[in-house]
Amino acid sequence: MFRRAFWFSAGAAAGVWATNKVHRKIRQLTPESLAAQAANRAVDAGHRLREFALDVRAGMIQREEELGDALGINAPPGPELPAQRARPALRAPGPDDGGPDNHPNRTYHPYNRNEDH
């Protein structure tokens, strides 16, 4: 009698365990659960991609500094070289410079950028 009760309870426990496992798997395969899993994986992939991009950028900066030091670009200019000259800012020619406002037959408006008409 004791053997039958043991095997009966062991079979019932195995049945409960298998039923719970099947129900858990069925819940994982619902459309809502699959969508949530896909969204979580996409977010994780985005985080990994961002970390990779930041690592690449840091490596680029480090390599540019190494190359600049090796080529002497980052070194301050020596006393034998003259200082760099500042370039004048570019500006559009106005009426005093012989610009488009000086032409007698041309109507010019600053918003009219097409000179082909």
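Modeller: What follows starts with the salt bridge and then widens to its surroundings.

This is a predicted model. The structure holds 1 salt bridge. Its partners are Arg 63 and Glu 66, whose side chains meet at 3.2 Å, N to O. That separation counts as a salt bridge because the cut-off is 4 Å between a side-chain nitrogen of Lys or Arg and a carboxyl oxygen of Asp or Glu. Side chains of opposite charge can pair when their charged atoms come close.

Now the placing. Arg 63 and Glu 66 both sit in helix α2. They are 3 residues apart, so about one helical turn separates them. Arg 63 has a relative accessible area of 46%, so Arg 63 is partly exposed. Glu 66 has 38%, which also makes Glu 66 partly exposed. The band for that label runs between 20% and 50%.

Stay on helix α2, which covers residues 31-71. Phe 52 lies in this helix too. Its relative accessibility is 54%, so Phe 52 counts as exposed.

Next comes helix α1, residues 2-28. Arg 24 is found there. At 48% relative accessibility, Arg 24 is partly exposed. Arg 24 belongs to a surface patch of positive charge.

Phe 6 is partly exposed at 45%. Trp 7 is exposed, with a relative accessible area of 59%.

Last, the whole chain. The protein chain has 2 helices and 0 strands. Of its 117 residues, 3% are buried. Its accessible surface is about 11,600 Å². Carbon and sulfur atoms hold 59% of that surface.

Back to your salt bridge, then. Arg 63 and Glu 66 are about one helical turn apart in helix α2, and their side chains meet at 3.2 Å. Both ends are partly exposed, at 46% for Arg 63 and 38% for Glu 66.

Conventions:
Residues numbered from 1 in each chain as written. Predicted model: local features only at pLDDT ≥ 70, side-chain atom pairs only at ≥ 80, totals over all residues. Heavy atoms only, no water. Helix = DSSP H or I, 4+ residues; strand = E, 2+ residues; numbered from the N terminus. Buried < 20%, exposed > 50% of the residue type's maximum accessible area, 1.4 Å probe, protein only. Areas by Shrake-Rupley, 256 points an atom, 1.4 Å probe, with all protein chains shown as cover. Patch = residues over 30% accessible without salt bridge, like charges linked within 9 Å, V, L, I, M, F, W, Y side chains within 5 Å. Lys, Arg positive; Asp, Glu negative; His and termini not counted. Charge placed at Lys NZ, Arg CZ, Asp CG, Glu CD.
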